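Subject: Structure for you to look at

Hello,

Here is the structure I promised to pass on. Please open it beside this email and follow along; my notes come after it.

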Amino acid sequence: MQSKIPFLPPDWTVARGVKYVTRLAIFIIVPGLHQIASKRRLFGGLLLAGYFAAEFVTINLPYDLSKETYPVQDFAILIAKLVQHVSWILLALDIRNLKNRKPEINPFLIAVCAFGLYSIPYHNPGNSRLLVHDNNNLCPVFCLNDIIEYDHRTLDTDIVSVGDYVLMDRVYPHPYISKILAMPSKDLCEDDGHLKFIQANDKFTCLPNSDRSGYFYPHLVWGGLDAKFVGLEGKDVSTVLDGDIHGINPRKIGNIREYNFLSDEITEMIGRFLVAIYEMTGLNLFGPSR
């Protein structure tokens, strides 16, 4: 074999070749491990931790549809790629000394973990099911800065009723939690197509439709950016399509400013960090406000 592959060293054996290729593969798959084996443990450890942390965020952090951009996910993807390329460049520069680079930590365990991470097919971690409430219209049920979790609604099967709290317009720019006040019906709609209990009128509210609700705008809810009515209690009221209700079963899991520390900005930063942990792991570190 050596006569056919003249570039192999004279002490080459199949076993040594397998070890060399295995070591090279592990160093390629696990960014930072080559630097640890090269006695640069701190730098290698930072590369290793940075890469796996970035990959964990990318795989597990859901997308918030109320945002126009996703800076956290984009930053995590950038960090993972940067660490990979730095590690590969340093490995290429040290390729002649590779046979002397022996990881002092268990390479098999690291290889298994890395293979598990790399073998996970790309998937969208899904859309966030959390919303930070920005007003006190529904207090004391849902108050300012409350973190509200909800279930995504399946339009054909999840039927909503009067009195239900629901999530409206979850896509950018402004989702909000509201309450269904009423549904147009013969009891609420006058003969001329107006609603009886609202101060301002809109004939489209009681416009008949052939769907199951019987009306084109089947729900009246509190609030909304384009509220056309004012209820008898003086609160804004909106008429909405059935398809505008995107979330159901909202429940409070904490408050974004639950842990006051130094300033409002730092307090909110801590709250957002804990929200991200909850979304990626399911671990709820909020307590007193629940």
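I start with helix H6. Its buried residues are Thr267, Gly271, Leu274, Val275, Ile277, Tyr278 and Met280. Buried here means under 20% relative accessible area, exposed means over 50%, and partly exposed is anything in between, computed with a 1.4 Å probe on protein chains only. Helices (H or I, at least four residues) and strands (E, at least two) are DSSP runs, numbered from the N terminus.

Before going further, note that this is a predicted model: local features need pLDDT of at least 70, side-chain atom pairs count only at pLDDT 80 or more, and totals for chains, interfaces and linings use all residues. Residues are numbered from 1 along each chain as its sequence is written, and side-chain values use heavy atoms, with hydrogens and water left out.

What do the buried residues of H6 pack against? They pack against H3, S1, S2 and S8, where a contact means heavy atoms within 4.5 Å. H6 has 18 residues, which at 1.5 Å a residue should span 26 Å, and its end C-alpha atoms are 26 Å apart, so the two agree. The expected span is 1.5 Å times one less than the number of residues in the helix. Glycine 282 follows H6 and has a positive phi, near 80°.

Helix H3 can be read in the same manner. Its 20 residues should span 28 Å at 1.5 Å a residue, which agrees with the 28 Å between its end C-alpha atoms. The buried residues of H3 are Gly44, Leu47, Leu48, Tyr51, Ala54, Glu55, Val57, Thr58 and Ile59. As background, an α-helix has 3.6 residues a turn, so residues three or four places apart point the same way.

Now the pair. Two packed helices are described by the angle between their axes and the distance between the axes. For H3 (residues 41–60) and H6, the angle is about 70° and the axes are 9 Å apart. The axes are lines fitted to C-alpha atoms, for helices over the stretch in contact, and angles run from 0 to 180 degrees between N-to-C directions. H3 and H6 are therefore roughly perpendicular to each other; angles under 35 degrees count as roughly parallel, over 145 as roughly antiparallel, 65 to 115 as roughly perpendicular and the rest as oblique. Phe56, Val57 and Asn60 of H3 meet Glu279, Met280 and Thr281 of H6 in this contact. Sorted by class, the contact has 3 nonpolar, 2 polar and 1 charged residues. In that sorting, Ala, Val, Leu, Ile, Met, Phe, Trp, Tyr, Cys and Pro are nonpolar, Asp, Glu, Lys and Arg are charged, and the others, Gly among them, are polar.

As for the protein overall, it has 6 helices and 8 strands. Along the sequence they follow the pattern α-α-α-α-α-β-β-β-β-β-β-β-β-α. Of its 290 residues, 37% are buried.

Next, the cysteines. A disulfide is a covalent bond between the sulfur atoms of two cysteines. The rule used for finding one is a pair of cysteine sulfur atoms within 2.5 Å, and by this rule the count is 1 disulfide. Which residues form the disulfide? Cysteine 139 and cysteine 143 do, with their sulfur atoms 1.9 Å apart. The torsion about their S-S bond is about 80°, so the disulfide is right-handed. Cysteine 139 is partly exposed, at 36% relative accessible area, whereas cysteine 143 is buried, at 16%. Cysteine 139 is also joined to proline 140 by a cis peptide bond, with omega about 15°. Proline 140 lies in the loop between strand S1 (130–132) and strand S2 (146–152).

Two residues have a positive phi without being glycine. Asparagine 249, in strand S8 (residues 245–255), has a phi of about 55° and is partly exposed, at 46% relative accessibility. Leucine 262 has a phi near 65°. It sits in the loop between S8 and helix H6 (264–281); its relative accessible area is 75%, so leucine 262 is exposed.

Valine 160 lies in the loop between S2 and strand S3 (165–168) and is buried, at 7% relative accessibility. Valine 160 and aspartate 242 are 82 residues apart in sequence and 9.1 Å apart in space, C-alpha to C-alpha.

Regards
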